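Let's take a friendly walk through this model, one feature at a time. Please keep the sequence and the 3D view open as you read.

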Amino acid sequence: MFVACSTMCFARLPLDRALRLISELGFGKVDVAINEHGDHLKPSEVVQDLARAALRIRIGPSLTPAAFSVEFDVADDAEYHRQLNAICRLARATAVTTLTIPAASNGTGIDAEVERLRHLVHLVSSEGLILTVPTRVGTLTEIPRAARELCERVPGLGLTLDPSHYVNGPHQGESYDEVFPFVRHVHLRDTGKAPGKFQVRVGQGEIEYGRIISQLGRCRYDRLLSVALHDVAEAPFAMETEVRKLKYLLESLV
């Protein structure tokens, strides 16, 4: 397993400064958040100038992009596929292998989502990439049983395990062991169970890092563990300090 850092840890910095800081913290791999509503790289910008996008996410040989976590904001299917195709080409150009996109929101019929994801997995896998959906509150994956069902019904689909959503969400306190065989990427931060404790200082929450890594090891997981704190104004700590602490903790466990 390899410890990486998500650019969303420093989302309030310009992208070049965020990447430079991630490199200075000793990371060799970066999980690039591509978000239409963010201040870093946007899907629409990738479509407009793929070569420039590739240059923006490289700062030197010591830090390389290893995964993309993408949030689209398009209602038109044709434009959605246009942006996804551009991001797949960017992934190939930068040797990224894993692409995470959100599953459909709660209330969507699972049959319709299975059909959508089958098409997207075919598109993404034809470019040599692995498609994953994150375990996230408000989507069909917020309950482990449904996340597992999606992966069973969509061959080639993986999960990006974000255990914070199982600790602090409606599944709180229940086991989510059934999703581990389908995990292809991981996002980590510390989280408490109480309202407003989705993100807390490392060591003050309920995330069982050792157990998660042990379960992944049993499933022969050999991919990334991304430090994925959310850089928001209301964060109750210094982001750089907590990123460094979680990095050292994860490295001590792998």
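Helix α8 passes helix α9 in a right-handed crossing; a crossing counts as right-handed if the near helix is turned clockwise from the far one by less than a right angle, and left-handed if anticlockwise. This is a predicted model, in which local features need pLDDT of at least 70, side-chain atom pairs count only at pLDDT 80 or more, and totals for chains, interfaces and linings use all residues. Residues are numbered from 1 along each chain as its sequence is written, and side-chain values use heavy atoms, with hydrogens and water left out.

You will find α8 at residues 209-218 and α9 at residues 239-253, with axes that come within 10 Å and cross at roughly 45°. That makes α8 oblique to α9, since angles under 35 degrees count as roughly parallel, over 145 as roughly antiparallel, 65 to 115 as roughly perpendicular and the rest as oblique. Axes here are lines fitted to C-alpha atoms, for helices over the stretch in contact, and angles run from 0 to 180 degrees between N-to-C directions. Helices (H or I, at least four residues) and strands (E, at least two) are DSSP runs, numbered from the N terminus.

Where the two helices meet, Tyr209, Gly210 and Ile213 of α8 touch Leu246, Leu249, Leu250 and Leu253 of α9, contact meaning heavy atoms within 4.5 Å. This contact has six nonpolar residues, one polar and no charged. Ala, Val, Leu, Ile, Met, Phe, Trp, Tyr, Cys and Pro count as nonpolar, Asp, Glu, Lys and Arg as charged, and the others, Gly among them, as polar.

Now turn to another pair. Helix α4 (residues 77-94) packs with helix α5 (residues 110-125) at an angle of about 35°, their axes 11 Å apart, and this crossing is right-handed. From α4 the contact draws on Tyr80, His81, Leu84, Asn85 and Cys88, while α5 brings Arg116, His119, Leu120, Leu123 and Val124. Six of these contact residues are nonpolar, three polar and one charged.
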